[in-house]
Amino acid sequence: MAHELPTRVTHDPSLGFTRLPRHVIRHPDLVVGLDARREDEPVQARMYGPEVPSLSGSEHTVTLNVRPREVRSVAARLRQVWKDEFVALQPLDASGRPALGRTPLPYASLVDLTAEPEAELRAALARLARYGAQLLYDVLLGGDSEELKLFRGFLTDVLGADRPLRVRFHSDLHLPWPMLCLPAAPDEGPEPDLDGLFGRFLGYRHQLEHTGGNAYARVADDRDPPPRSAPAVSLNHDTGVDAEGLTRAADVATALADGGDLVERTTRDELERALGDTLLDEQLMYFWCHGHFTASGDEPPYLVLKLTDQRAIDAHSLRAHRPPPRACVPFRPFVLLNACYAGLPGNADLAYLGKALFDAGACGVLGPQIEMPQRFAAEYALAFVTRYLTGRETAGDIAHALSRHFADTCHNPLAFAYALHSGMDSRLERTA
């Protein structure tokens, strides 16, 4: 008769197969890759994942009919349309004057838009959807070749799935993916309802992340961070932003303090000293400050942040003060970058600061793709950090849930303008 012998593992060289990767990661349902490294060549596209039909046992690939410069130009125009045709929309009366009894610039001033005229809101949203579909289908995937039609058809079928999917865009092109849209349904009338319009936005339908270049999630190393008594979080802000208290910025600060050990920074020196500390171990970094775009030589304009002391902080500032990763304790914060700025140049490099944050160790960066109204930005941040600090949900789950919440409850599409750069599976680790 066989007998089970007692065993005891005294040495585990594989570390339980837990180190590569550090956490259990669910593979995305769909990965769309865009190779746009050469400006003088067409973009190369590919897609794969369990939701894509198998094609001769390999991934779907196609050469698109567009070059990177054109895609970036239309993406910049889409962001400008959101600013001009939605955020800055001013209702007028029959004489062309601001309508009496209406909140000035209601779509920039209000979070809940359910009391606004539905026809007006529907028209504005339809315009955003039209241009979001144009970027995805007419520009990026436009063409009549059989290969393109096949690729476009498969992708549309997957993105049009009834259930929410986890989608990764691994691309050299920095595009506002949640603001892109599916085409209008064949039976959609001249005045589609709000639910139908919201349902066309990729940010409403699916959980999205953008990776590519330096913004790709690193494989975690084999070290554990120091023991924590509570989550380590930081508020890096300009106290002059909303000094009159018209937004819920103070509530965000309270939520951060209640949710963990909070460090508050208001100057560049404080941030640089923290970055230079080899023991820095923050799980959530929140930035609430002003920013502006500046250019160096022939490079595209890039975002520069300013805290209360109004001293410029850019990617070079971050890189110059952060020691090599192996010289520090593990540092993998999730970064919510709520930077307010006055203008977005058409050729701006929105990935510039994010790349530096990833170089410093960030596991994910979430930030707006447009000039976000302060009132909505604070409301979004409060909802996000409150849920993230519980440690029960991933950043991707929360961002997708908020996109649907603000659309369904407030009839407000501005949550689609927040893009997640890596970090779809990032979750705050709380001590037992």
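Aromatic pairs and their surroundings

Mentor: Phe376 and Tyr380 are both buried (under 20% relative accessible area; exposed is over 50%, partly exposed in between, with a 1.4 Å probe and protein chains only). Keep in mind that this is a predicted model, where local features need pLDDT of at least 70, side-chain atom pairs count only at pLDDT 80 or more, and totals for chains, interfaces and linings use all residues. Residues are numbered from 1 along each chain as its sequence is written, and side-chain values use heavy atoms, leaving out hydrogens and water.

Trainee: How many aromatic pairs does a search of the whole structure find?

Mentor: The search finds 14. Rings of Phe, Tyr and Trp (its six-membered ring) pair if their centres lie within 6.5 Å; planes under 30 degrees apart count as stacked, over 60 as edge-to-face and the rest as tilted.

Trainee: Why is the pair of Phe86 and Tyr107 called tilted?

Mentor: Their ring centres are 5.0 Å apart and their planes sit at 40°, so the pair is tilted.

Trainee: What makes Phe86 count as buried?

Mentor: Its relative accessibility is 0%, so Phe86 counts as buried. Tyr107 is buried too, with a relative accessible area of 0%.

Trainee: And why is the pair of Phe376 and Tyr380 tilted?

Mentor: The planes are at 35° and the centres 6.3 Å apart, so that pair is tilted.

Trainee: What makes Arg322 a charge over a ring?

Mentor: A charge sits over a ring if NZ of Lys or CZ of Arg is within 6 Å of the ring centre and within 35 degrees of the ring normal. The charged end of Arg322 sits over Phe331's ring, 4.4 Å from its centre.
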